[in-house]
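The sequence and structure are shown below.

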Amino acid sequence: MRASRLGFLLAAVMVIASATALWAGTGGKTLAQLHQGKATCADCHGKGKKIVVDDGETAVNQSCAGCHGSLQELGKASHEEVNPHKSHLGDIDCTACHHAHTASWAYCLSCHPFEMKIPGGGVASKRTAKQKVSRKADEADVVVIGAGATGFTAAITAHDAGARVVIIEKQPITGGNSMLAAGGMNAAETAYQKEKGIKDSVDLMFKDTMTGGGDHNDPALAMVLAKNSAASVAWLTGLGADLSDVGRMGGASVNRTHRPKGGSAVGANVIETLRKNAARRKIDTRVNSKVVKVLEDGKGRVTGVQVEGKHRGLYTIKAKAVIIAAGGFSANPERVAYYRPDYKGMTTSNQPGATGDGIDLGTAVGADVKDLKEIQIHPTVAAGSRTLITEAVRGNGAILVNREGKRFVNELTTRDKASAAILAQTGKSAFLIFDEGVRKSLKQIDGYFHLKLVQEGGSINELASVIKLPAGALETTVASYNKACELKSDAEFKRADLPRPLQTAKYYAIEVKPGVHYTMGGLKVTPASEVLAKDGKPIAGLFAAGEGTGGVHGKNRLGGNSISQTITFGRIAGESAAKVAKGARL
Ligand code: MEZ
């Protein structure tokens, strides 16, 4: 991007200044104040007669990059240990963190407790936007609410079926919870499994999903998930995603969790792929925009949405179909505690936008709901943080031990059972123990070191002393686990998959506690993703997919079934909505 407005010299000075003094204290001034004397309003907002800022803050973002350099350039220039310009959030707008007229605030701090100073941060005054009402309505064939993997998938599918699509995202960045997805995407009978000689079947994936969900799942939805999973992997890899590595998650009978080569986190790869594909298709994607109402014609047909844009204010988008893909409510502690008082005060692995708005939008137009009290806690969130330690670490060989240095559960049982077992231990936490062999087998583990969540020892006894376990106990436990690996039989806990012994120094530990991770309940839907009203009939023109729907997972979701659900049901919702927008019947 060129620094046309301020001239090359000023741009060069500012790039150097931003790279060197980015996190320096800025004396409680807003960014607009900090730019005084260096830039004019027009330099940021353009030279029109009247300053008009769109909700994506497009012109402002272009101006930031024009003077300071692109996100990638800043990422390369920064030598900060935690580099916010180069993170798993991927390509995000400058204004997601840097605000000119209100306090700036690093989006990373939504989940991480980093010491991160930001220019224009710590500003006391807040300028609240005046509520504007725009009379001009926009039009689309299909409006998609939410820009996570489900929303993007639905939008791309509807677009490719010929529909004019708009995606509305309330957060300043796209990606939703999917962007944080770690472990992978479950699928049966894929080309990657065949290549690796893994024998799996749709029926086995269905059976595992039902058993994992306590047979409380809607069998028709669980079968749609299993049956379409291989096609969804093919669709996603066809768009450019890498799902070539196949590992195992708790409750699975075989290796069926697909993730990028080397075992990198799946979410960043999937979201980057979907973002690029939406951009390539020029799908109108609006961030900082919250759907406040689904509109209907009084006869039960959905006719569009009312949106509140950060700058534009309230406006309407007329549409022939609306897809709710706004996720679950794990980041809404009050709602979690309402359904599950026993989870009150628990940390969550979710991004801050996961507050359940999509479910509310649906129920406000008469949708029925299902299983709202079925909330999953993930057994391994790093103690004192919101960072999920992927189940893939256990899948690749790690064990769980308690403060007595002993194993206490089959590490690859389902999440409900593993979480309950951890909460029953002294201190309601456990240590995830692994060695250099496990570390090398899974790339995403490097991130936990980067975040300083890992403790280490040159020998098992040294590690035990670092994490204050009784002398000798951990050594005995690891020796017995290694023997089970050799015999391919875990007599004590019946862990079926024993991929590698723990015998290569160094040895590592992460203290983990359960955290609210996933809400299994949500809007009631048909296998074609139509939202059902309380009378059991579909609400005309309203579709939903992803975490905000209920029934696929029953009482407990298996690891890897979420990304699988987002892609499969996102595709179905996109197809169904595009059909209805063309006037066809489902
Ligand atoms: O599907 C998930 O939630 C998942 C695989 C999480 C993880 O442990 O990585």
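The sections that follow treat the helix and then the ligand site.

## Helix α10

The model is predicted. Helix α10 comprises the 15 residues 266-280. At 1.5 Å a residue, α10 should span 21 Å, and the separation of its end C-alpha atoms, 21 Å, therefore agrees with that expectation. Just after α10, Lys-282 adopts a positive phi of about 55°.

## Packing of the helix

The buried residues of α10 are Val-266, Gly-267, Val-270, Ile-271, Thr-273, Leu-274, Arg-275, Asn-277 and Ala-278. The packing partners of these buried residues include three helices, namely α6 (149-160), α9 (219-238) and α19 (561-581). The strands β3 (185-186) and β5 (257-259) also pack against the buried residues of α10.

## Ligand surroundings

The residues surrounding the ligand are Ala-182, Gly-183, Met-249, His-378, Leu-388, Thr-390, Glu-391, Arg-415, His-517, Arg-557, Gly-559 and Gly-560. Classified by type, this shell holds 3 nonpolar, 6 polar and 3 charged residues.

For Gly-183, a backbone N or O atom lies 2.8 Å from an oxygen atom of the ligand; for Glu-391, the corresponding distance from a backbone N or O atom to a ligand oxygen atom is 2.7 Å. His-517 contributes through its side chain, with a polar atom 2.7 Å from an oxygen atom of the ligand. Of the 270 Å² of accessible area that the ligand has on its own, the protein covers 94%.

Methods:
Residues are numbered from 1 along each chain as its sequence is written. This is a predicted model: local features need pLDDT of at least 70, side-chain atom pairs count only at pLDDT 80 or more; totals for chains, interfaces and linings use all residues. Side-chain values use heavy atoms; hydrogens and water are left out. Helices (H or I, at least four residues) and strands (E, at least two) are DSSP runs, numbered from the N terminus. The expected span of a helix is 1.5 Å times one less than its number of residues. Buried means under 20% relative accessible area, exposed over 50%, partly exposed in between (1.4 Å probe, protein chains only). Contact means heavy atoms within 4.5 Å. A residue is near a molecule or strand if one of its heavy atoms lies within 4 Å of it. A polar contact is a pair of N or O atoms within 3.5 Å; within protein, one must be able to donate a hydrogen and the other to accept it, and residues adjacent in sequence count only if both atoms are side-chain atoms. Accessible areas come from the Shrake-Rupley method with a 1.4 Å probe; for residues, only the protein chains shown count as cover. Ala, Val, Leu, Ile, Met, Phe, Trp, Tyr, Cys and Pro count as nonpolar, Asp, Glu, Lys and Arg as charged, and the others, Gly among them, as polar.
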